[in-house]
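Thank you all for making the time this morning.

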Amino acid sequence: MDVFRQLKSFYWPEKKLLFVSIFCLIAATALGLVYPNLLRYLIDEVIAKRQFELVPMLSIFVVVVVSFKGLLQFLHGFTGGRLGNRVAHSMRTALYKKLQYLSFQYYDQARTGDLMSRLTADLEAIRQFIGFGFAQILNVFLMLIFGMSMMFTINWQLTLLTMVTMPFLAFTAIRFEGKVHPAFRMVRQSMSTMTTAVQENITGVRTVKSFAREPHEVDKFTIRNNDFKANNIETASIWAKYFPVMEVLANLSVVILLGVGGFMVIRGQMTLGELVAFFSLIWYIIGPMWGLGFQINNFTQSKASGEKILEILHQYVHVKDHPDSIELKAKDVKGDVVMDHVTFAYPDKQPSLYDFSVHAPAGSVIGLLGGTGSGKTTVVSLLMRAYNVKDGSISLDGTDIKDIKVDSLRKQVATVFQETFLFSSNIRNNIAYGRKDVTMEEIIHAAKLAKAHDFIMELPLGYETIVGERGLGLSGGQKQRIAIARALIKDPKILILDDATSAVDMETEQEIQAGFKEVMQGRTTFIIAHRISSLKHADEIIVLKEGRIVQRGKHHELLEQEGPYRETYNIQYADRPETRSYQTQLEGRLAN
Ligand SMILES: Nc1ncnc2c1ncn2[C@@H]1O[C@H](COP(=O)(O)OP(=O)(O)OP(=O)(O)O)[C@@H](O)[C@H]1O
């Protein structure tokens, strides 16, 4: 119950709906007890005593009772539905909000499928339980208490006799649920692996076809399809086994009731009306017994779902503001960045960066070069405070970034990531993403600087073209240029380009860089690149190897040193005649 206590803040504000819903259900159940008594009255008082003039009044009474019960059931459904949906709505909002603010560190471990299922299936379980499940469990107990006490008042001996099979029925029902539930879970699991296979196959259809792996894919799917079939058959056979047993046990008590009860009526120990009332009351007991397993499972499932939801809500946010965090004002930010002896390791890993220091004065360009996994992305991730630095420090205009409000810091930083993500919206919205109040002129200006305007205008719908998930497929270079325009429109004080031009040709890259020069006047830029051509104009180039700085300096300084920078240069410019002559010159100078 601790889970539901912790979720109280979501359902307690809706307590009026909760109480009305429970009250209506209890009242409807209690009203249901009028039927057996009416039957008893009809048989014993009206039919047996031939007082047929009472029939119309009795009929009207039945209609009133039925209508009133119907109204109560409607109110229960209405309030329960509202309650469940309102609670689910506020939980969904809270979860989504929490997911927005969880740190990069959380997402490094999180699995999309798992998060999606918490936001959908687990929330649905909670919605059902709070809306209806809880009231149903309460109702089961009430039905048992109401039904049994009424039966006891009619005839206690017959009540005890008919109850003989009930423990067996309850036991079988619980066992049935215990078997059928895991079987259902297996069906759901095999369904999800089957749909994942289909989804993956459709997404990766180009790879499948280009490797001519269609038969392999069909085989892979067949295994999953067979699995799904086997699980369904298994579930069906559990139903087939248990249902007749439950049916027999339930009806056995009815047989006992009719046999013994009939005998008692014949011997005059009981009236016929009482027997008929008893017959109708027995279903008040059989129903809850039959559903006992289901109710128990429903409760444990909702509890498990609640735990999964609470796990996200209670998830620790690693990167957050402290009470004295400073709010940056855009106009006061200069962009002077200092990283001082930073050593950083991802959780449970060896450090990815060792003793890294750099001073990037406002408006300077810092280039980062190094092999894959050398720590370049880590440097810029730390800069936007994707992770907290424990050893060493990072400051912006002299203030440690730990003392700056996270969102105000990130508003000053625009990053173009290695992998471009476009939202399923039009190009205009994708470019304007970083800002709310943006004019079409500004969007076009940014697109022109990113050398994206021309190809956008060639699309039939221009800036209105839908891209992303189900939109138009753009080339890697085109996507990158949209992402660059998105970063530029943010008007950042610090621009980070993480291999942002890797997918565009050299000529376009040069043009984009010329555009940067215009916009980046007085702003600080960090460029990560594998091409020397992208970095050579940087004020300082830092070469990383396995998380350590192995070289640093300007382009011409680094070329004059033995080391990875010159090796990379030689590889990339090997075919160019001017490189050969430069190298010959250099070698001559080095020899002298
Ligand atoms: N989110 C993460 N969680 C754990 N380890 C990580 C994470 N990101 C990077 N690493 C590890 O840190 C090291 C440095 O990675 P980083 O991404 O900074 O390298 P990089 O120089 O940018 O490489 P590339 O050029 O391939 O992008 C690698 O060993 C990598 O496996």
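**Domains, helix packing and the ligand shell**

The chain is divided into domain 1 (1-154 + 294-318), domain 2 (156-269) and domain 3 (424-491), with bounds that come from an automatic or database domain assignment. What we are looking at is a predicted model, in which local features need pLDDT of at least 70 and side-chain atom pairs count only at pLDDT 80 or more, while totals for chains, interfaces and linings use all residues. Residues are numbered from 1 along each chain as its sequence is written. Taken over C-alpha atoms, the centres of domain 1 and domain 3 are separated by 49 Å.

Let me turn to the helices, which, like strands, are DSSP runs numbered from the N terminus (H or I, at least four residues, for helices; E, at least two, for strands). Helix α3 (residues 15-32) packs with helix α5 (residues 55-101) at an angle of about 155°, and their axes are 8 Å apart; axes here are lines fitted to C-alpha atoms, for helices over the stretch in contact, and angles run from 0 to 180 degrees between N-to-C directions. That makes α3 roughly antiparallel to α5, because angles over 145 degrees count as roughly antiparallel, under 35 as roughly parallel, 65 to 115 as roughly perpendicular and the rest as oblique. The contact of α3 with α5 has, by class, 13 nonpolar, six polar and two charged residues, where Ala, Val, Leu, Ile, Met, Phe, Trp, Tyr, Cys and Pro count as nonpolar, Asp, Glu, Lys and Arg as charged, and the others, Gly among them, as polar.

Next come helix α7 (residues 112-154) and helix α13 (residues 292-313), which pack at an angle of about 140° with their axes 8 Å apart, and α7 and α13 are therefore oblique to each other. The residues of this contact of α7 with α13 divide into nine nonpolar, eight polar and three charged.

For helix α17 (residues 440-449) and helix α19 (residues 476-489), the angle is about 125° and the axes are again 8 Å apart, which makes α17 oblique to α19. Their contact divides into seven nonpolar residues, no polar ones and one charged. Glu442, Ile443, Ala446, Ala447 and Leu449 in α17 meet Ala485, Leu488 and Ile489 in α19, with contact taken as C-beta atoms, placed from the backbone, lying within 7 Å.

Finally, which residues are closest to the ligand? They are Tyr346, Ser352, Thr372, Thr377 and Thr378, out of 13 residues that surround the ligand, a residue being near if its C-beta atom, placed from the backbone, lies within 6 Å. Helix α14 (residues 376-383) gives the most to this shell, with three residues. By class, the shell around the ligand has one nonpolar, nine polar and three charged residues.

Terms used. Contact = placed C-beta atoms within 7 Å.
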